[in-house]
Amino acid sequence: MRGLTWDHPRGYGPLDELTRLDLAGGNPYGEVPEPIVWDRQPLEGFEAEPIAELAGTYDVLVIDHPGLGAAVDALTPMEELFAPEELAGLRFAGRSWESYRLDGRQWALPLDAAAQVAAARPGLRVPAAWPEVAALARGGARMALCLGGPHAFLMFCALCEGGFRDEAAGLRALELMAELLALSDPGLSVRNPIGVLDAITAGEADFCPLLYGYVTYPLAFGDAPAWPGRPPGSVLGGTGLAVSRRRIGELRDAVRAHLLRLTSEPVQTKLFPSAGGQPAALAAWQRGGPFHRDTLATLEAAWIRPRFPGYIALQERSSALIRDGLLARAPARDLLGDLREEWRHHP
């Protein structure tokens with residue numbers, strides 16, 4: 001069997017460890033008919049490589065939920081693999097399960113849960129309210145934003161609490177992003193989350209107020225900042241396990257065994273943490289360390305992105321528009337007008 005995951009220890013560590021145990025024999029997490037050989041794609045592959053095309057090569061795919069809408073014809077819904085009672089006991093953190101549900105069917109099982117949170121060097125605490133974040137930077141703490149790839153748009157969505165078509169919310173978000181960028185290192189701020197976390201770990205910056213959390217970094221993570229009186233604003237990330245239709249008749253029993261094992265409590269609460277993974281099971285977050293305890297409220301409040309066909313390309317264009325506009329110091333109202341025009345013909 002061939003599987004595809006992403007090229008970060010959080011993405012491949014637990015999967016490779018299970019395959020190693022399968023090949024060694026006597027896997028303590030349970031036997032499967034045959035192991036999966038996992039290939040890897042870059043983080044950007046989640047956005048750039050259509051799931052439907054990858055499903056022509058791979059049997060099991062680790063996917064992100066926004067690309068789901070254009071891929072369902074190439075995937076096997078979970079209702080064709082499992083009886084309801086087989087999945088009834090699974091509990092996942094936040095809205096991870098819901099993010100893979102589309103048109104009344106479940107298209108993937110949550111494997112890894114994530115949301116945008118705050119990250120800082122150990123000993124520094126990021127303020128809980130957005131108006132106080134700029135004050136921290138003005139006080140001397142070195143700030144970086146995370147605006148690379150789709151993340152400028154995702155920060156904008158988080159600041160709008162998902163309601164990014166509301167004019168007042170959009171203007172408030174863009175004005176704050178411009179203010180924060182003026183106080184940040186612009187070179188670091190155009191990186192993706194891994195690049196920004198690497199920079200904080202290396203001592204090149206002190207904190208980032210909003211980026212996807214990675215349990216593998218030795219940093220202080222906390223809930224995303226919030227507008228006064230509101231819950232933390234964040235956009236749901238993480239990954240799910242999807243199954244290609246291409247050989248499902250031949251591999252049905254093996255696929256079922258792998259998915260049930262990967263989402264089982266022993267694998268999620270024991271193997272994932274020990275192998276560098278970031279589990280999706282709620283039990284793993286409730287029993288986890290400071291990273292899980294200090295960011296679970298944000299994960300539970302995180303917004304699910306649209307999943308209509310074409311969303312990924314629209315997200316990429318919107319992010320470039322915001323990033324380029326902020327760097328050029330374009331007026332927030334002009335920038336919002338361009339963004340609304342970009343979305344005018346989409347649901």
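I first looked up the open sheet of five strands, whose order is β2-β1-β3-β10-β6, with mixed pairing; strands are DSSP runs of E with at least two residues, and helices are runs of H or I with at least four, both numbered from the N terminus, while two strands pair if DSSP finds at least two bridges between them. The edge strands, each pairing on one side only, are β2 (37–41) and β6 (109–112), and the twist averages 30° from one strand to the next.

I note that the model is predicted, so that local features need pLDDT of at least 70, side-chain atom pairs count only at pLDDT 80 or more, and totals for chains, interfaces and linings use all residues. Residues are numbered from 1 along each chain as its sequence is written, and side-chain values use heavy atoms, with hydrogens and water left out.

I then followed β6, which runs antiparallel to β10 (residues 239–243) and is joined to it by three bridges; Leu 109 stands opposite Leu 241 in β10. Helix α11 (residues 248–262) packs on this sheet, touching β2, β3, β6 and β10, where contact means heavy atoms within 4.5 Å.

I turned next to the open sheet of three strands, ordered β8-β7-β9 with antiparallel pairing, in which β8 (207–212) and β9 (220–222) are the edge strands. Three bridges pair β7 (residues 116–120) with β9 in the antiparallel sense, and Ala 118 stands opposite Gly 222 in β9. Helix α7 (residues 151–159) packs on the sheet and touches β7 and β8; its direction makes about 95° with that of β8, with axes fitted to C-alpha atoms, for helices over the stretch in contact, and angles running from 0 to 180 degrees between N-to-C directions.
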